[in-house]
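Please look over the structure below. A short report on its helix packing, ring pairs and selected residues follows.

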Amino acid sequence: MIDLYSTYERINSVSPRTLLKIVLYSYMNGDYSSRSMELNCRRDINFMFLLEGMPAPDHSTFARFRSIHFAPCSKRILAEMSNALFDLGEISGETVFIDGTKIESCANKYTFVWKKPVTKQQEKFLIKLADFVAECEWLYEIKVVHGGIIKMKHVKKLRKKLYVLKQKEQVVFVYGIGKRKTPLQKSIETLENYLDRLKKYNQEIYICGERNSYSKTDQDATFMRMKEDAMGNGQLKAAYNLQHGVDAEYITWLTIGPQPTDTTTLIPFLKDAEEHLKFKYKNITTDAGYESEENYLFLEENEQLSYIKPANYESSKTRKYKNDIGKMENMEYDSESDSYTCKNKKKLTTDHIRHSKTKTGYISEKTIYKCEDCTGCSYKKDCIKGNNCKTPLEERTKTL
């Protein structure tokens, strides 16, 4: 609460403590409008009780409180509440249950900007810009690029020299129907258009940052698939991925981010919670959406126990899964020779090691096992899957 008061230089009538109570109570009742809060403070007896006899604030006061004063210190206030609950013994501080949900932004569906297409357009545009600069150098006998790659300073230098040339030759720009533009005017207008396009591309890539997309009407929102899909076509919508940790029915920590999947949210959530809370959770419980090798290793290195439901937990209990001879779980494994034995008593030994890099930069290492000989095997049809493979089944070899 001290951090909240520190954001004020001068307190007028209603204290920040009272405003916080009113905003929280209004949010608890599903009302997020600042104008509605003002109206409730004048009519609702519950809001009048929270005001403690003070005059009702106007809607702009609530709007400024949320955006300017409360937003910068909201995490610290949540941490103070969680720490107070821990001191009172209301929460254990040992086990946390983490889950997430996606909240749709108040942005239109077709306002998306994708980073990959913008990057490709920028690369093509830079080639076009370099050709235009070379053309202007030859046409007007000026030199702006002295070898190497064309840069922004070269384009600005060309622009300056073209305007100097315009002033020197006293060229008057003309507009409208029936007016013939001079080559210099056409070059200057084309260059101005190119500079605007280059500025637009740079700005869009800068706003994206590490994300793949953003919305023009809500630049903090990222396009992702929602659970509510009325059309059934997997349409992307501007949204936020909200993660919350629950301890003894209390939400002790919250994070919100642009990640489209829950897998990459676990590590930032735990780091953020450890940074702000006075206690550290030992037992981490999540659903199958958080399972990944990177998350398992992080929890092990951070000395935390992982209670993450495996992705194949439900299917592994079925009879079909247990009777599938092609799965490595149903093969005999020899740790000394590091090999598997299939149903036909053939050995699957190490063939090579494959490395793959995730979007977060984590490099995973996977060992590929290959059967010594699958020629004439009577179990090949049940063991080797993949009907869309172009190689005939008779020529294929079992790999894990």
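Is phenylalanine 125 buried or exposed? Phenylalanine 125 is buried, because its relative accessible area is 2%. Buried means under 20% relative accessible area, exposed means over 50%, and partly exposed lies in between (1.4 Å probe, protein chains only).

This is a predicted model, in which local features need pLDDT of at least 70, side-chain atom pairs count only at pLDDT 80 or more, and totals for chains, interfaces and linings use all residues. Residues are numbered from 1 along each chain as its sequence is written, and side-chain values use heavy atoms, with hydrogens and water left out.

**Helix 7 and helix 9**

Helices (H or I, at least four residues) and strands (E, at least two) are DSSP runs, numbered from the N terminus. Helix 7 spans residues 115–140, and helix 9 spans residues 183–208. Their axes come within 10 Å and cross at roughly 155 degrees. Axes here are lines fitted to C-alpha atoms, for helices over the stretch in contact, and angles run from 0 to 180 degrees between N-to-C directions.

The two helices are therefore roughly antiparallel to each other. Angles under 35 degrees count as roughly parallel, over 145 as roughly antiparallel, 65 to 115 as roughly perpendicular, and the rest as oblique. The crossing of helix 7 with helix 9 is left-handed. That term applies if the near helix is turned anticlockwise from the far one by less than a right angle; clockwise would be right-handed.

By class, the contact of helix 7 with helix 9 has 15 nonpolar, six polar and four charged residues. Ala, Val, Leu, Ile, Met, Phe, Trp, Tyr, Cys and Pro count as nonpolar, Asp, Glu, Lys and Arg as charged, and the others, Gly among them, as polar.

**Aromatic rings**

A pair of aromatic rings is described by the distance of the centres and the angle of the planes. Rings of Phe, Tyr and Trp (its six-membered ring) pair if their centres lie within 6.5 Å; planes under 30 degrees apart count as stacked, over 60 as edge-to-face, and the rest as tilted. By this rule there are 13 aromatic pairs.

One of them joins phenylalanine 112 and phenylalanine 223 edge-to-face, at 5.6 Å centre to centre and 85 degrees between the planes. This pair links distant parts of the chain: phenylalanine 112 is in strand 2 (residues 112–114) and phenylalanine 223 is in strand 4 (residues 222–225), 111 residues apart. Phenylalanine 112 is partly exposed, at 35% relative accessibility. Phenylalanine 223 is buried, at 5%.

Phenylalanine 125 and tyrosine 194 also form a pair. Their ring centres are 5.3 Å apart and their planes are at 85 degrees, so this pair is edge-to-face. Phenylalanine 125 sits in helix 7 and tyrosine 194 in helix 9, 69 residues apart. Tyrosine 194 is buried, at 9% relative accessibility. Ring pairs link Phe125, Phe132, Tyr194 and Tyr201 into a cluster.

A charge also meets a ring. Lysine 166 lies over the face of phenylalanine 173, 4.3 Å from the ring centre. A charge sits over a ring if NZ of Lys or CZ of Arg is within 6 Å of the ring centre and within 35 degrees of the ring normal.

**Separations between C-alpha atoms**

| Residues | Apart in sequence | C-alpha to C-alpha |
|---|---|---|
| Tryptophan 138 and alanine 79 | 59 residues | 65 Å |
| Leucine 184 and phenylalanine 173 | eleven residues | 9.2 Å |
| Arginine 396 and threonine 375 | 21 residues | 8.8 Å |

Tryptophan 138 is in helix 7. Tryptophan 138 is exposed, at 69% relative accessibility. Leucine 184 is in helix 9. Leucine 184 is buried, with a relative accessible area of 5%. Arginine 396 is in the segment after helix 13 (380–383). Arginine 396 counts as buried, at 17%.

**Positive phi in loops**

Glutamate 52 has a positive phi, near 60 degrees, and is a residue other than glycine. Glutamate 52 lies in the loop between helix 4 (45–51) and helix 5 (59–70). Aspartate 338 has a positive phi near 50 degrees. Aspartate 338 lies in the loop between strand 9 (332–334) and strand 10 (339–341). Aspartate 338 is partly exposed, at 25% relative accessibility.
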